[in-house]
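Here is a short report on one protein fold.

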Amino acid sequence: MGIHQFDMHDPGHASALPGPLARHDTLDTASVDEFRHQASSLLSEHRIRRIDAVDTAPFRGRVRAASLGDLQLVYLEQGIGIDVDILEHLDYYDLMLAVEGTNQITCNDARTHVGPAHAALLSPRMRARMQMDASYRQMHLRIEQHALDRRLERLIGRSAPGPVIFDLSVDLTTPQLSTWMSSLQVVIRDLDAESGLTAHPLAAASVQDMLLTGLLLAQPHTYSAVLHDHDQPRLARRALARAVEYYEQHLTESVTIGDVAQHVGVSVRSLQRAFQEDLGTSPSRYLESLRLARVREDLLAANGPDTGSVTDIAYRWGFVHLSRFAAAYRRRYGETPSATRLRAITH
């Protein structure tokens, strides 16, 4: 549900100014250039044009802004229908919410709208074009990329190789996002209170973590599967036994970790984490250790029937790069495969 469906006044002050962030007025102007300059300084450089060139309605630009740690809430209204082009790729996250009216957004090849039940979330490296109707009043939640990266890394316990890229369209009617929006409303009302809790740095830090965690859990993005797998570590560990069994049954075949993950029904990342946490090694190293053990058994049984050469034995157990096999065997057993074979023959 949209922001305008909540009471945005300070409940303790009957004379509070209407609308969100009323205590944080930054600019009230009839100048398009002044409005654009102020909004660009808070968000990103952009160009503004009237949608209707013959429209004579006066421009009335208002800007309000309040900070909360690495988050910033920016309220904008303009009083006329406008086209807006973002002129540079973002280096932050921009959640766009409608306080009133609608906004049609085109981003790359994707299109969505912002209204009572939907928001839009731009991620770093994106640009967009927007068409806002005359009644559109907007709230932006600006999130610094480093803050979201840090929050994700703390949730999954490791670094991420690239930025989080969210789905552009945000359905505010889902249960999780509806709850998240209610929390954001509380924060906005607190920012409008004269002695709000978020004025305290410790409270602000906790609120920031809560909002970022909630958004990462509620809105789909490129790390959603990793994040939700991390919420179920025991599930991955239960799959570990099945993965070990699969490896043991396919030692002579070409097996990838993707094959094993698909077989046991978990992501590759989740399987890697389970091996590391429970066995102290990676899946590939574990498979190598099983194969080396089988090779050593065959080498020590060198007098048996159909044993074959060292090369034959290595190939039999899935080693296709003989130099890598020999190095791995020596690291594991402190001698070359040929030395093992010779010792078995002479004894």
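## Basis

Two strands pair if DSSP finds at least two bridges between them. Strands (E, at least two residues) and helices (H or I, at least four) are DSSP runs, numbered from the N terminus. This is a predicted model: local features need pLDDT of at least 70, side-chain atom pairs count only at pLDDT 80 or more, and totals for chains, interfaces and linings use all residues. Residues are numbered from 1 along each chain as its sequence is written, and side-chain values use heavy atoms, with hydrogens and water left out.

## The seven-stranded sheet

Seven strands build an open sheet with antiparallel pairing. Their order is β1-β3-β4-β11-β6-β9-β12. At the edges stand β1 (25-29) and β12 (169-171), and each pairs on one side only. Neighbouring strands of this sheet are turned by 20° against each other on average, direction ignored. Axes here are lines fitted to C-alpha atoms, for helices over the stretch in contact; angles run from 0 to 180 degrees between N-to-C directions.

Strand β4 (residues 71-77) and β11 run antiparallel, joined by seven bridges. Tyr-75 has Met-139 of β11 as its bridge partner.

## The five-stranded sheet

Another open sheet has five strands, in the order β2-β5-β10-β7-β8. Its pairing is antiparallel. Each of β2 (46-50) and β8 (110-114) has a single partner strand, so one side of each is left without a neighbour in the sheet.

Four bridges link β5 (residues 82-86) with β10 (residues 129-132), and the two strands run antiparallel. Asp-85 has Arg-129 in β10 as its bridge partner.

## Helix α2

Helix α2 lies across β6 and β11. It runs at about 60° to β11. Contact means heavy atoms within 4.5 Å.

Helix α2 (residues 145-156) also packs with helix α4 (residues 201-218): their axes come within 10 Å and cross at roughly 75°. That makes α2 roughly perpendicular to α4. Angles of 65 to 115 degrees count as roughly perpendicular, under 35 as roughly parallel, over 145 as roughly antiparallel and the rest as oblique. From α2, the contact takes in Ala-147, Leu-148, Arg-150, Arg-151, Leu-152 and Leu-155. From α4 come Gln-208, Asp-209, Leu-212, Thr-213 and Leu-216. By class, the contact of α2 with α4 has six nonpolar, two polar and three charged residues. Nonpolar covers Ala, Val, Leu, Ile, Met, Phe, Trp, Tyr, Cys and Pro; charged covers Asp, Glu, Lys and Arg; the others, Gly among them, count as polar.

## Helix α9 and its partners

The axes of α9 and α11 come within 11 Å and cross at roughly 85°. Helix α9 is therefore roughly perpendicular to α11. On the α9 side are Glu-288, Ser-289, Leu-292, Ala-293, Val-295, Arg-296 and Leu-299. They meet Phe-325, Ala-328, Tyr-329, Arg-332 and Tyr-333 in α11. The class count for α9 with α11 is eight nonpolar, one polar and three charged residues.

Helix α9 packs with helix α12 (residues 337-346) too, at an angle of about 35° and with axes 8 Å apart. Arg-296, Leu-299 and Leu-300 of α9 touch Pro-337, Thr-340, Arg-341, Arg-343 and Ala-344 of α12. This contact has four nonpolar, one polar and three charged residues.

## Cavity

On a 1 Å grid over the protein atoms alone, a cavity is a set of points where a 1.4 Å probe fits but cannot get out; a pocket is an open set with protein on both sides within 12 Å along at least five of seven lines; lining residues have an atom within 4 Å of a point. Grid points are joined across faces, edges and corners, and a volume is the space filled by probe spheres set on the points.

The count comes to one cavity of 30 Å³ or more. The largest cavity has a volume of about 150 Å³. Its lining holds 16 residues, with Leu-43, His-46, Leu-76, Val-84 and His-140 nearest its centre. Elements giving two or more residues are α1 (32-42), β2, β5, β6 (92-100), β10 and β11 (137-144). The largest share, three residues, comes from β5. The lining divides into 11 nonpolar, four polar and one charged.

The largest pocket holds about 430 Å³ of space. It is lined by 21 residues, of which Ser-284, Glu-288, Arg-291, Gly-318 and Phe-319 are the closest to its centre. Helices α9 (283-300) and α11 (322-333) are the elements that give two or more residues to this lining. By class, the lining of the largest pocket has 10 nonpolar, six polar and five charged residues.
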